[in-house]
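The sequence and structure are shown first, and the description follows.

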Amino acid sequence: MRYPIILAGLVALAAVPAAKAQETLKLGALVTLSGAGAAWGQGMKNAAEVAADQVNEAGGLEVGGRKYRVQVVAYDDKYQANEAVTVANRLVFEDKVRYVIGPVGSAPVLAIQPMTEKNKVILLTLGFTAKALAADKPYTFRPNVTTAEVSQPQIDWLVKSQGLRKVGALFPNDETGQQIALDLEGAYKKAGAALAAKEFFERDRVDFVPMLTRMMARGIDAIELDGNSPTTAGLIVKQARELGFEGRIVRTGGPATQEIVNVAGKQAAEGMLVHTPIDPELPATQAYAARYAAKYKHPMNGFSPAFYDGTNMLFEAMRRAGTVDDTDRVRAEMEKLDGFDGSLGKLSWTGQAMYGINHQLNAPFYVAEVKDGREVIRARCTVEGCR
């Protein structure tokens, strides 16, 4: 009569290792979830969640003979450096996170890097500043292309094909806006045009009529939107058209078309020429877009696929390193990834010449025209040029 009891006990003991085999791997999402940059931050967080869902649905992330259930721990940095520092400390010292998606902004990433680099926390940041990547910041990667990579090929194409000569632009008065203004000024000059009018503003500003009026009085033939959050860009487009501006509106960096259309309306956004990191006809991009829309019930932001790919590259680096704990080994394997099949196409790392370290994503990108609220690709680009 004791055999069933003994057998049950043996079964229970055998089940213990299996139950313990799946542990939890926490990914931090230190992103902007409120305010002007929320569309980008939400897209980044959602990208990590979609990647986590996929490995969890497959039974967990298998690394070094163990299986991990991936959990995304998200906090809002409100696009502020001081808030980012508070959140980063919470993630690292309270939540014990070793991998972080974010931050969105340049000032926040520069504010947290002294702590994350010292503690060997791997960051996948969106921050456009050139200072985010450096040889002495080996734990920071940028899985999205920035103005520094995409501006010159696109601006060359715009100046040649659209005849742009005098361009006006509005920039947030912070690290991101100042860096992008410098990059664009040089790029337009090299292409044979001029960034003839620049205006800087605080990020919470919503009335751009005085600035736009000054720029239009200087005879500009185009308005550049790069450097502005999606909501802010939409307000600029709306107010410029209401003032009667009939020239080109271009955005050579930072995907935000859907949000701009939502704020400005289809008519105001019609004919905009915009940077986009995605080819909507690419099957891998279509698959990610469909999964994203099914989960969140709205279209993805253009930055989201880059952070989906970045998260999957991080998972692959962990698999190859055979550890989730040793971020030195994971970082080394991350750097080696080349020809990685992502939702954006074949991906690799670049950046040695510009930043002193190959931690900048190298991916194709495009110029699209907005027609009836949707992007239609007009040029296909690499860092060598657009055609």
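What volume does the second largest pocket have? The second largest pocket has a volume of about 210 Å³.

## Basis of the description

The model is a predicted one, in which local features need pLDDT of at least 70 and side-chain atom pairs count only at pLDDT 80 or more, while totals for chains, interfaces and linings use all residues. Residue numbers run from 1 along each chain as its sequence is written, and side-chain values rest on heavy atoms, with hydrogens and water left out.

## Pockets

Pockets and cavities are both found on a 1 Å grid over the protein atoms alone: a cavity is a set of points where a 1.4 Å probe fits but cannot get out, whereas a pocket is an open set with protein on both sides within 12 Å along at least five of seven lines, and lining residues have an atom within 4 Å of a point. Grid points are joined across faces, edges and corners, and a volume is the space filled by probe spheres set on the points. Helices (H or I, at least four residues) and strands (E, at least two) are DSSP runs, numbered from the N terminus. In the residue classes, Ala, Val, Leu, Ile, Met, Phe, Trp, Tyr, Cys and Pro count as nonpolar, Asp, Glu, Lys and Arg as charged, and the others, Gly among them, as polar.

The largest pocket holds about 560 Å³ of space. Its lining consists of 19 residues, and Q258, I278, P299, M300 and R374 lie nearest its centre. At least two lining residues come from each of helix 9 (257-264), helix 11 (283-296) and strand 16 (374-382); helix 11 supplies the largest share, four residues. By class, this lining comprises eight nonpolar, eight polar and three charged residues.

The second largest pocket, at about 210 Å³, is lined by 15 residues, of which A148, E149, T350, M354 and V383 are the closest to its centre. Helix 5 (147-162), helix 14 (352-355) and strand 14 (360-362) each contribute at least two residues to this lining, and helix 5 gives the most, with six. Seven of the lining residues are nonpolar, seven are polar and one is charged.

## Cavities

Three cavities of 30 Å³ or more are present in the structure. The largest cavity has a volume of about 100 Å³. Among the 14 residues that line the largest cavity, W40, Y79, F128, T176 and I180 are the closest to its centre. The lining of the largest cavity divides into seven nonpolar, five polar and two charged residues.

The second largest cavity contains about 70 Å³ of space. Its lining is made up of P143, N144, V145, H275, P277, F303, A306, L344, L361, A363 and P364. Nine of these lining residues are nonpolar, two are polar and none is charged.

## Strand pairing

Two strands are taken to pair if DSSP finds at least two bridges between them. Six strands form an open sheet of mixed pairing, in the order 2-3-1-4-5-6. Strand 2 (61-63) and strand 6 (140-141) are the edge strands, each pairing on one side only. Within this sheet, strand 1 (residues 22-31) and strand 3 (residues 66-76) are parallel and share 10 bridges, with Q22 partnered by K67 in strand 3. Strand 1 also runs parallel to strand 4 (residues 99-101), to which two bridges join it; here G28 stands opposite V100. Strand 5 (residues 122-124) and strand 6 are likewise parallel, joined by two bridges, and the partner of L124 in strand 6 is F141.

Strand 7 (residues 166-172) and strand 8 (residues 194-201) run parallel and are joined by seven bridges. K166 has A194 of strand 8 as its bridge partner. The chain passes from strand 7 through helix 6 (residues 175-191) to strand 8 in a right-handed β-α-β crossover; right-handed here means that, with the strands pointing away from the viewer, the path from the first strand over the helix to the second runs clockwise.

## Disulfide

One disulfide, defined as a pair of cysteine sulfur atoms within 2.5 Å, is held by the structure. C381 and C386 form it, with their sulfur atoms 2.1 Å apart. The torsion about the S-S bond of C381 and C386 is about 110°, so the disulfide is right-handed. Both C381 and C386 are buried, where buried means under 20% relative accessible area, exposed over 50% and partly exposed in between (1.4 Å probe, protein chains only).
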